[in-house]
Amino acid sequence: MDQDIFTMIVEGLLGGGLAIISYFLKRTISELDSCKEDISELKENYVDRNELQECQKDIARVKADYITREDFFREQDNTRRQLDRIMSVLLEIKGESK
């Protein structure tokens with residue numbers, strides 16, 4: 001009887017120990033898989049220094065050629081005024097002053 005109880009205790013401890021080891025092993029493998037996924041994502045999104053410098057040059061070129069909204073409206077207003085003056089001159093020539 002003492003030996004049966006001792007055997008049951010040993011079996012319980014071994015089973016519990018295996019359960020704990022299995023839990024931590026599963027958790028470690030899951031973390032490793034997560035790290036592998038993160039590394040593969042980093043590899044996909046990785047930009048080397050040359051590509052970054054090319055992008056910076058492109059951005060600088062776009063900034064140099066870019067016209068602001070205010071500049072666009074100002075130029076449109078100037079164009080409209082010039083067209084109004086041309087229209088006034090044409091109407092005066094025709095004899096129909098505004």
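Is Arg81 buried, partly exposed or exposed? With a relative accessible area of 39%, Arg81 is partly exposed. Keep this residue in mind, as we will come back to it after a look at the whole chain. Please note that the model you are viewing is a predicted one.

## The overall picture

The protein contains 3 helices and 0 strands, and from the N terminus on its elements run α-α-α. The radius of gyration is 40 Å, well over the 13 Å that the globule rule gives for 98 residues, so the protein is more spread out than a compact globule. Along the principal axes, the C-alpha atoms fill a box of roughly 130 × 35 × 15 Å.

Of the 98 residues, 1% count as buried. The accessible surface of the protein comes to about 9600 Å², and carbon and sulfur atoms account for 60% of that area.

## Helix H3 from end to end

Helix H3 covers residues 69-94, which makes 26 residues. From its first C-alpha to its last, H3 reaches 37 Å, close to the 38 Å expected at 1.5 Å a residue. After H3 comes Gly95, whose phi is positive, near 105°.

## Salt bridges along H3

The count of salt bridges in the structure comes to 6. One of them joins Asp71 to Arg74, with the closest N and O atoms 2.6 Å apart. These two residues are 3 residues apart in helix H3, so about one helical turn separates Asp71 from Arg74. An α-helix has 3.6 residues a turn, so residues three or four places apart point the same way. Asp71 is partly exposed at 29% relative accessibility, and Arg74 is partly exposed at 45%.

Now back to Arg81. Its side chain meets that of Asp77 in a salt bridge, at 2.4 Å from N to O. Arg81 and Asp77 are 4 residues apart in helix H3, and about one helical turn lies between them. Asp77 is partly exposed, with a relative accessible area of 27%. Another salt bridge links Arg80 with Asp84, where the closest N and O atoms are 3.2 Å apart. Arg80 and Asp84 both lie in H3, 4 residues apart, or about one turn of the helix. Arg80 counts as partly exposed at 43% relative accessibility, as does Asp84 at 34%. Which residues are linked in a network of salt bridges? The network is made up of Asp77, Arg80, Arg81 and Asp84.

## An aromatic pair

A search of the whole structure finds 2 aromatic pairs. One of them is formed by Tyr23 and Phe24, and this pair is edge-to-face, with 5.1 Å centre to centre and 70° between the planes. Phe24 is partly exposed, with a relative accessible area of 40%.

## A residue in H2

Helix H2 spans residues 49-65, and Asp58 lies in it. Asp58 counts as partly exposed, at 37% relative accessibility. How far apart are the C-alpha atoms of Asp58 and Ala19? They are separated by 58 Å, with Asp58 and Ala19 being 39 residues apart along the chain.

Terms used. Residues are numbered from 1 along each chain as its sequence is written. This is a predicted model: local features need pLDDT of at least 70, side-chain atom pairs count only at pLDDT 80 or more; totals for chains, interfaces and linings use all residues. Side-chain values use heavy atoms; hydrogens and water are left out. Rings of Phe, Tyr and Trp (its six-membered ring) pair if their centres lie within 6.5 Å; planes under 30 degrees apart count as stacked, over 60 as edge-to-face and the rest as tilted. Buried means under 20% relative accessible area, exposed over 50%, partly exposed in between (1.4 Å probe, protein chains only). The expected span of a helix is 1.5 Å times one less than its number of residues. A salt bridge is a side-chain nitrogen of Lys or Arg within 4 Å of a carboxyl oxygen of Asp or Glu. The radius of gyration is taken over C-alpha atoms; the globule rule is 2.2 Å times the number of residues to the power 0.38. Accessible areas come from the Shrake-Rupley method with a 1.4 Å probe; for residues, only the protein chains shown count as cover.
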